[in-house]
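Here is a short briefing to read alongside the sequence and the model. Take a look at the structure first, then work through the points below.

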Amino acid sequence: IYSKAKVCRPNEPTKCLMYEPGIINLFAKSRNYSELLWAWKGWRDAIGPKVRTDWERIIEIENIGARENNYTDEGAAWRTNYQVSNLRGKVEKLWAQLRPFYLQLHSYVRYKLKQEYGDHVNLTGPIPAHLLGEIWAMSWLNIYNITKPYPNVNAFQVDEGMKDMNYTTHDMFVLADNFYQSMGLPAMPDNFWKYSMFTRPKNRSVVCYASASDMGHDKQGNEDVRIKMCAVVNANYLYTVHHEMGHCQYYLAYNEAQPPEFRAGANNGFHEAIGDTAALSVINPTHLKKLGILKPVDAENKHQQNINFLLRRALEKVAFFPFSISLEFWRWDVFSGKITNQHLNAGWWENKLKYQGIYPPVERTEHDFDPASKYHVTSGTPYIRYFIAHILEFQLYETLCKLSGHKGPLHLCDFQGSKVAGRHFRKMLEMGNSKHWEDILRKLSGSCHMDAGSTLRFFKPLTQWLQTSQKAKNDFFDRMIGLSHLPGMYGAIMPSMLYSKKVARFLRSYQYNLDKWRRIDGLATFARETNITKHNTAVHTKSLNVNKICTQKHLRDIAGWNNTIEYQVFTRLINHLLIKVQYSLDTIYLNNYSLEITDITGIHQMAKVCRPNEPTKCLMYEPGIINLFAKSRNYGELLWAWKGWRDAIGPKVRTDWERIIEIENIGARENGYTDEGAYWRTNYQIRNLREQVEKMWAQLRPLYLQLHSYVRYKLKQEYGDHVNLTGPIPAHLLGEIWAMSWLNIYNLTKPYPNVNAFQVDEGLKEMNYTTHDMFVLADNFYQSMGLPAMPDNFWKYSMFTRPKNRSVVCYASAWNMGHDKQGNEDVRVKMCAVVNANYLYTVHHEMGHCQYYLAYNEAQPPEFRAGANNGFHEAIGDTAALSVINPTHLKKLGILKPVDAETKHQQNINFLLRRALEKVAFFPFSISLEFWRWDVFSGKITNQHLNAGWWENKLKYQGIYPPVERTEHDFDPASKYHVTSGTPYIRYFIAQVLEFQFYEILCKLSGHKGPLHLCDFQGSKVAGRHFRKMLEMGNSKHWEDILQKLSGSCHVDAGSTLRFFKPLTQWLVKENKRLGNKIGW
């Protein structure tokens, strides 16, 4: 229907125009208001009503497919191509950079159109959509002759120049091929010239929309790439030819360099950008003068020539930005159901008004379906790629210009003939999508992120000219004047666009209350966890409910704002709040949820394991069970405690826990998430977090397998037939109730038993350390780097040890209470510490949280007072603790004594094995837990298989198994506090990868030389200064930006971990080979 559509003259059915070349030419040349209106309306009427019903059905089918594959809708599936969370937010951020320039352009063009069309144009209102030189107002290039700043300066007579030189359409393709070859890129293959469609054929219907196709190789093994278009000789098509041939160059590059799976653009926007990057160099006064198509102008008129050229380019490029996002944001909202089938056309024109500042010149209703006038809507082609491509083309263009040695204004750069630029360009093309697109972008440009800065630098002279022009007035966008004349339903569109002051007031109120709520809730929770009584539990439950209800009230106020906020200062704040719209439940649901959470955490905290027939001889988790697993090597005793702990909790909480999962999933789905796990993952703002974690685990797994094999051998020596040398390890033999850390079996597994590499407990006792001393030690460590001392409230209110005669939650945690009534900082820790190496580590870890609180409390508004992501928060203290629980540092303190120089290698291996038992063993524990829980949330693991699914994961990732039979009567996941309390856990995996990444960077900043595992950055003010800057950022920016600020890399990577353990890895490989140990289970 689309490809055969025609617009016929009234009462002249034989005088009809198809889109190419008829309608294109009419909009390019006609300045007759009525003729343009006839064609504009006729094109839409010829398509929209005919396709609407089928199109709605297509959307329904696409959404069904998306949801069956665990996406919320088809738009969410499309966005996965970009592998970033909140793509819309990123695009809005780019648009916020560009919008001021677009406003200047819009105002200037509106003034010029007023001169041409008189009363048809309102100088303070939006522009009639049919007057901008193109059927969709996508490009305004064809009104250049109306808007030309300096009419007497011939800056861009390309069409005439090509005609003077007798160019044919084929010549344009030869020109493009020569351009790419001049940079060292390959010529188009024979099949390109043999099979491409360059012009519209006679006597048959075709799809004229320009496109490139990758056919791979023909039967003879020859490359086969092609182009399809209906070209004519003009500047527009000269640009398009270079653009489409850019696609072909991309095909040729990655087809040669990559396996089939990676033969694609780094993302869809990359593919569109490649040819546009070259075309910027071609459709350029410098290049066109080289070709003889343009004649030089008088030197005195050079500035005017530049302004004319840039205005022409802006009419094409800058005008496109809001067109593209108005289209795709509309479509995403249709997919999500925000725009319903009853308001498709209204929603379309609301977006056109909001982003482009245009309106329909005649009344449009829901009988019409104007989006279908655009080929990409009817064909179902994702469109955000074109917005991204336009951003990237300027970014890539600026990089290639620098590589070519260009000096001077960016818009006059021509990198034709630069083999250096071509070589770097080709290398990027060859990568296909074999790496994350941000890594590929960084490889060429040095930046991980898309940024509109290159675009603005390209247009800088024009921006300055527009700003100084008295004709440029932004009344419409700044004050929304002149909307009353809009036809029909558009007279009252988008009143919320007027409310920027209301938004500012809301944010001030919300952030004031947020501080207050956080403190009230924090104090109530802290009181309960440091003294579990009925009264404190009731106060805690009440504060939890009040906090949630008040937060929901504020969030409901902004639920519809994310598409109406027009000011960058608000964008991240509002978007950040919108993802918190969770648990939109009635009061009964909310109360039940709060009570059930409180009940099952209470069961966990009061759980005891009592000796058989001795009900008074019981062990709580801290310190009883901890100490037993740390010291006992009695197989039967460990089994008793292991089973007893699980039996004391699991069956009692299972029913309530299942109900909590149900409630959490209800809240998540009511707010547009597939399940609660999907909501949790939004904290990391990247698509497919699980895949990213699996990738890091793939880096770490070979080291873990070596460690597992060695430890299994040592346990075989200790426990005999209880351990199978080729199978998984019994879960209760690894020195800890959950096998989360294997640190307590260091004495069994120590590689060199006669070398005392790590007698920290003994050293602390010899120096008469108290628990309080450990906190002073940690405080001094951070202060030595220039970070602040812990405030008075920390020492006054923290719980360092288990109190007598009352029940408490001993699990170590840090607390941000903000400020007390006197304005004093209030951060605290809570734990049941004893003097040993484990708690020395934990003290530094929890004080790291407090340092993070102090930094962002001072530097950020309340909404950004949080870790860059949850993993960051956990990593901060661990980073410092790596420097502390370290032979270098402990020798400085006198806790460890130096060993003989001859045994230094053995000391290092002992130390690294000890650290690996704690750190490396934790990686598979954490993902086995969280992957299990995500699968429960998604329904992949059902309530009938909760325990079986748990142990399947334990076997798969950790290589452990339950020492006694476990059934679905049991609920072993509940033995872990984070499961009963509903605390997301993937943060700890990410934190442990990040801590090594941060540690390596701080070591470099401190000037450390030598093996990474021996670095101690205590006292380095340089490292401390960089560390503090990162902490102060809170979550005010995307965590990848914050990570890059410190580390120079956008991505979490396990390379630092592997470098830390490199000496141990080498030793384990040799030792396992010597012992004949099987790797794996």
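The side chains of Glu874 and His849 are joined by a polar contact of 3.4 Å; a polar contact is a pair of N or O atoms within 3.5 Å, where within protein one must be able to donate a hydrogen and the other to accept it, and residues adjacent in sequence count only if both atoms are side-chain atoms. Please keep in mind that this is a predicted model, in which local features need pLDDT of at least 70, side-chain atom pairs count only at pLDDT 80 or more, and totals for chains, interfaces and linings use all residues. Residues are numbered from 1 along each chain as its sequence is written, and side-chain values use heavy atoms, with hydrogens and water left out.

**The annotated site**

- An unreviewed UniProt entry places the feature "binding site" at His845, His849 and Glu874; the positions are given in the numbering used here, feature names are shortened, and annotations may be inferred rather than shown by experiment.
- These residues are spread over 30 residues of sequence but cluster in space, with a largest C-alpha distance of 7.7 Å.
- Glu874 is found in helix H35 (residues 870-884), and His845 in helix H34 (residues 837-859); helices (H or I, at least four residues) and strands (E, at least two) are DSSP runs, numbered from the N terminus.
- Glu874 is buried, with a relative accessible area of 8%, and His845 counts as buried at 10%; buried means under 20% relative accessible area, exposed over 50%, and partly exposed in between (1.4 Å probe, protein chains only).
- Not counting residues up to four places away in sequence, Glu874 touches His845, His849, Arg987, Tyr988 and Ala991, where contact means heavy atoms within 4.5 Å.

**Aromatic pairs**

- The count comes to 77 aromatic pairs; rings of Phe, Tyr and Trp (its six-membered ring) pair if their centres lie within 6.5 Å, and planes under 30 degrees apart count as stacked, over 60 as edge-to-face and the rest as tilted.
- The pair of Phe179 and Phe415 is tilted, because the ring centres are 6.1 Å apart and the planes are at 55°.
- Phe179 lies in helix H7 (residues 169-182) and Phe415 in the loop between helix H16 (384-403) and helix H17 (419-430), so this pair ties together parts that are 236 residues apart in sequence.
- Phe179 and Phe415 are both buried.
- Phe794 and Trp795 form an edge-to-face pair, 5.0 Å centre to centre with 85° between the planes.
- Phe794 counts as buried at 0% relative accessibility, whereas Trp795 is partly exposed at 28%.
- Ring pairs also link residues into a cluster, including Phe101, Phe179, Phe415 and Phe459.

**Charges over rings**

- Arg79 lies over the face of Trp332, at 4.7 Å from the ring centre; a charge sits over a ring if NZ of Lys or CZ of Arg is within 6 Å of the ring centre and within 35 degrees of the ring normal.
- The charged end of Arg681 sits over the ring of Trp934, 4.7 Å from its centre.

**A buried serine**

- Ser139 is found in the loop between strand S3 (127-128) and helix H5 (144-147), and is buried with a relative accessible area of 16%.
- The Ser139 side chain reaches the backbone nitrogen of Leu141 at 3.2 Å.

**The whole chain**

- The chain has 45 helices and 12 strands.
- Buried residues make up 61% of its 1081 residues.
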